[in-house]
Amino acid sequence: MNANVDAEEIRHFDQLAQAWWDVHGPMATLHEINPVRLAYLRRHVGNLAGLRIADVGCGGGILSEALARAGATVTGIDLATDAIAAARQHAQAEGLDIDYQAVAAEDLAARHATSFDLVCCMEMLEHVPDPGAVISACATLARRGGHVVFSTINRNPKSFAFMIVGAEYALRLVPRGTHEYAKFIRPSELAESARNAGLAALDVCGMRYNPITRHASLAPRDVDVNYLMHCRRGPTE
Ligand code: SAH
């Protein structure tokens, strides 16, 4: 198995495999933020129809399916094999043709460099031992001039209070043990890793989530907790 993987993380997401498509279950927040993520992609990438898209760390395919419904040709990868199995089963039931593979980002990049118009890597970097290697693999997967969009969680006292104390303990919005504070990533760190991988970080945008109304929205200037980053691979690199 690829060295850049935390077996405990994979076990955690495999255990939840049957719950990916329960919109009221433990993955509810991913379903609730999904339209906001799509809006961000449309705003920065444009029309998604016809694009070749890689969804890195796709889990049960919540984002992959939305991208396929938007008319994209989607490859979804994840190392949680039970999640991939659940993703395949759900896509088939929905009549969606999505190429799901249980491979590491680094391995897909070795086989399919420069192949995708857009690479999405959402809520995944905060679960891997070496996010820089995944960021670099995402850059390699993108075609020259192609788009790479990340989303992850900032690291500061507020994000600790919201994502660990609030979301996992007080409100039980996400299963306990989902997130580890030390793995959260500051926007400056993500931008630097992106630059090191040959990507230009063009935009950073916060994503707010109201736990009472369960409503998510883009908040361009509030990157304190959840945020997205739009990058592009250089036209000649
Ligand atoms: N991107 C999806 C799922 C996010 S949950 C969405 O936003 O809807 C985080 C996912 O990252 C899980 O499915 C987990 O299995 C996956 N993951 C964690 N470490 C990984 C690794 N090293 N390689 C590939 N996927 C990984």
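**Exercise 1.** Determine whether Cys120 is buried or exposed, and whether its sulfur is in a disulfide or in none.

*Solution.* Begin with the relative accessible area of Cys120, which is 0%, so the residue is buried (buried means under 20% relative accessible area, exposed over 50%, partly exposed in between, with a 1.4 Å probe and protein chains only). The model is predicted, so that local features need pLDDT of at least 70 and side-chain atom pairs count only at pLDDT 80 or more, whereas totals for chains, interfaces and linings use all residues. Residues are numbered from 1 along each chain as its sequence is written, and side-chain values use heavy atoms, with hydrogens and water left out.

Next, search the whole structure for disulfides (pairs of cysteine sulfur atoms within 2.5 Å): the search finds 0. Cys120 is accordingly in no disulfide, and the nearest cysteine sulfur, that of Cys121, lies 8.9 Å away.

**Exercise 2.** Carry out the corresponding analysis for Cys205.

*Solution.* Cys205 is likewise in no disulfide, the nearest cysteine sulfur being that of Cys231, 13 Å away. With a relative accessibility of 3%, Cys205 counts as buried.
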